[in-house]
Amino acid sequence: MSRSAFRSLSRAMFLGFVRDRTALFFTLLFPVLFLLLFGSLYKSSSAPRVSVLEVGRVSLLDQAESAAPGQLGKVLAITHTADLQTALADVRKGDYDAAVQQSGRTLVVHYSIADQTTAGIVQTVFTSIVQQADAAAAGGKGGYQLAAAQVEDKSLKPIQYLAPGLLGWAIASGGTFGAAITLVNWRENKLLRRLRLAPVSVGTVVLARVGVTIAVALAELVVFMAIATTPYFGLKLASYWWMAVPIVICGTLAFMAIGLLVGAFARSQQSATAVANLIILPMAFLGGAFIPLDYAPAWIRDVSYAMPLRYLVTAMQDVMARGEGPVSAVPAIAILLCLAAALTIISVRVFRWDSV
Amino acid sequence: MSATISVRNLRKSYGSKVAVDTVSFEVEQGEFFGILGPNGAGKTTTLEILEGLRKPDGGELSVLGLPPWPRNAALLPRIGVQLQASSFFERLTAREQIRTFASLYHVPTRRADHMLSLVGLDDQAGVKAEKLSGGQAQRLSIACALVHDPELVFMDEPTGALDPQARRNLWDLLRKINADGRTVVLTTHHMDEAETLCDRVAIMDHGKILELGPPAALVRGLDTPTRISIQSGLLDAVTAGQLAASADSLPADSVSGSGSSDIGVSDDGVSLTFATRDPAVILADLAGRNAVAGLRVQGATLEDVFLQLTGREYRA
């Protein structure tokens, strides 16, 4: 491989990309706009009522209800349960905001601090319940106490799934469209043939293209992290966030391989675009990019295992938001790399230099 | 020294369609060689086999003493190929295009810039390839084909869709390339182009070479009458008829009338036209009568050779 040929081809492809306003918009700006839009939308849509699990019987809640009928229901949505452990697990998963239990005169509140507004409401409401119960008791001294315990909430907040999800979608479409459209255009305008007549290896040409696409994908990663971690969106990056870099690289390879296969069959830029859209758009919905898998219907969760995008998105969520270790990404990376290798082998078999 | 290109019994079929059918020819070093033929005659396929883009089905083939198939890395730096379409990197300027191609051949930037001015694109160096005019794009494409100073240059219909000015301009460039000692092989369906540029031409149709030789020799071999025209009304019909008959030793009544016969005289009200195999007699006579206003003498052209060989019926 020649280094000067690699450098100049990379440069040519990079300039071709950054001068293409449409491609630039759809690859970089469009996903960022989605992030800004959905990030802001979901941010303000916190539930008006605080959901609380009543573990066993909590007489203080009954007292508060009888003192002011119907008032409690305006702030709290109460569900009864018997087991504390399952109740705590539910709070941890983010299904409920708090679990409350009464032992004697002590009211024990286990609450999630994932959302500070909700946590604030929980504290205020239960403090006032305890104070009122005290005040209502004989002589104003009921001896009631509040014991608050924080529960670590493992569920993802909107920005935590939106940022990796939309980034995964951006990388998937960037890789697929980049590879497919480059291949088709170069075949149609005979540049592919011109390069075949120059003393440059196919490997050099492919590597230059892969290098440019990976550089663009990493730039997207930086832009997404910069936006998501602003105080407004408030994404807190987990300690192994840097594992997103190898995940992004492997994801780019896998989706470029998909694009290569599309480009090998498509005969025009229009048909390449159509086929790539047909692959990427449903995958964005079924692979957890647009709809977080935690909240998706069971059938989508099942189907998602067949979507390469699922592995890219969940691996990034794990290391960037859930705080999983670097090893957690290994299966996803392996799956993406195997897919890239398998599709590249098929693409090489069906590859055509010329349209005829 | 062996020929620059040597082809013997070359064959290539696409399915049941025979594109190249036992073609043989040689091209000498420094020669300007043209392959002529109607669309679909097999010119482009022949060229693509010579360039090493397609595998021949049979026959012997050597380019600069080397086999072009499979892709021959030793041959690639020695040949330059200008393709029919303008094959450029998207959204790169003329200068960026040629520098990119130069680097593929390890040619310094300086030489790339020099090539750009050689084809007269200095003023367009910063213009993106998509915005160049047809002639400018074609010149850039030629500059890219020549940037590594190849010994042998292939051109596939270089003047394809150009206006007359751009064609003439490009011809000068092609002559210059050939005068520098490079062997040039070009395909075209413009007869005038082949006639003015090529040392030898091969006329192809249906995958076969029908005629091969210098354009002038092919035209001479055709034995077509020379057409001499003067302004109408300078000679009366009887005198014209007698003159035509005496020149070609024919009976006077067989030469006048319609212009459809091979030999004779016709008058369309604008020009009086003699078609004769002995132009000297008629020209001397006209000069003697001082009846030379609007004189035009037209010999056969390569186009006549071409049409006689390939037929006149229209092919889609």
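What follows is a chat about a predicted model, covering its confidence, chain B, and a helix pair in chain A.

Reader: Before I look at any geometry, what ipTM and pTM does the model score?
Author: This is a predicted model, and the scores it carries are an ipTM of 0.79 and a pTM of 0.76.

Reader: And what pLDDT does chain B average?
Author: Chain B averages a pLDDT of 87, and 94% of the residues score at least 70. Where pLDDT is low, the coordinates of a prediction should not be read in detail.

Reader: How many helices and strands are there in chain B?
Author: Chain B holds 10 helices along with 13 strands, and its C-alpha atoms fill a box of roughly 75 × 45 × 40 Å when that box is taken along the principal axes.

Reader: What share of chain B counts as buried, then?
Author: Of its 316 residues, 43% count as buried. As for the contacts in chain B with a separation of 6 or more, 67% of them are accounted for by residues 24 or more positions apart.

Reader: Now chain A: at what angle do α10 and α13 pack?
Author: Helix α10 (residues 244–265) of chain A and helix α13 (residues 308–322) of chain A pack at an angle of about 175 degrees, and their axes are 10 Å apart. Because angles over 145 degrees count as roughly antiparallel, α10(A) is roughly antiparallel to α13(A).

Reader: Which residues make that contact?
Author: From α10(A) the contact draws on A:A244, A:I247, A:G251 and A:A254, while α13(A) supplies A:P308, A:L312, A:A315, A:M316, A:V319 and A:M320. By class, the residues of this contact between α10(A) and α13(A) are 9 nonpolar, 1 polar and no charged.

Reader: Is α13(A) mostly covered or mostly exposed?
Author: Helix α13(A) is mostly covered, with 14 of its 15 residues buried. From its first C-alpha to its last it reaches 20 Å, close to the 21 Å expected at 1.5 Å a residue.

Reader: What comes just after α13(A)?
Author: Just after α13(A) there is A:G323, which takes a positive phi of about 75 degrees.

Reader: I also clicked on A:V248; where is it, and what does it touch?
Author: A:V248 is in helix α10 of chain A, and, leaving aside its neighbours within four places in sequence, it is in contact with A:I171, A:A217, A:L218 and A:L221. A:E220 is 28 residues from A:V248 in sequence, and their C-alpha atoms are 9.7 Å apart.

Reader: Why is A:V248 called buried?
Author: It is called buried because 21 other C-beta atoms lie within 10 Å, where 20 or more are needed.

Reader: And A:I333, what does it touch?
Author: A:I333, which sits in helix α14 (residues 330–350) of chain A, touches A:P246, A:I247, A:C250 and A:A315, not counting residues up to four places away in sequence. Its C-alpha atom is separated by 9.2 Å from that of A:V248, a residue 85 positions apart from A:I333 along the chain.

Terms used. Residues numbered from 1 in each chain as written. Chains lettered and ligands numbered in written order. Predicted model: local features only at pLDDT ≥ 70, side-chain atom pairs only at ≥ 80, totals over all residues. Axes fitted to C-alpha atoms, helices over the stretch in contact; angles between N-to-C directions. Helix = DSSP H or I, 4+ residues; strand = E, 2+ residues; numbered from the N terminus. Parallel < 35°, antiparallel > 145°, perpendicular 65-115°, else oblique. Contact = placed C-beta atoms within 7 Å. Nonpolar A, V, L, I, M, F, W, Y, C, P; charged D, E, K, R; others polar. pLDDT = per-residue confidence, 0-100. Expected span 1.5 Å × (residues − 1). Buried ≥ 20, exposed ≤ 12 C-beta atoms within 10 Å, placed from the backbone.
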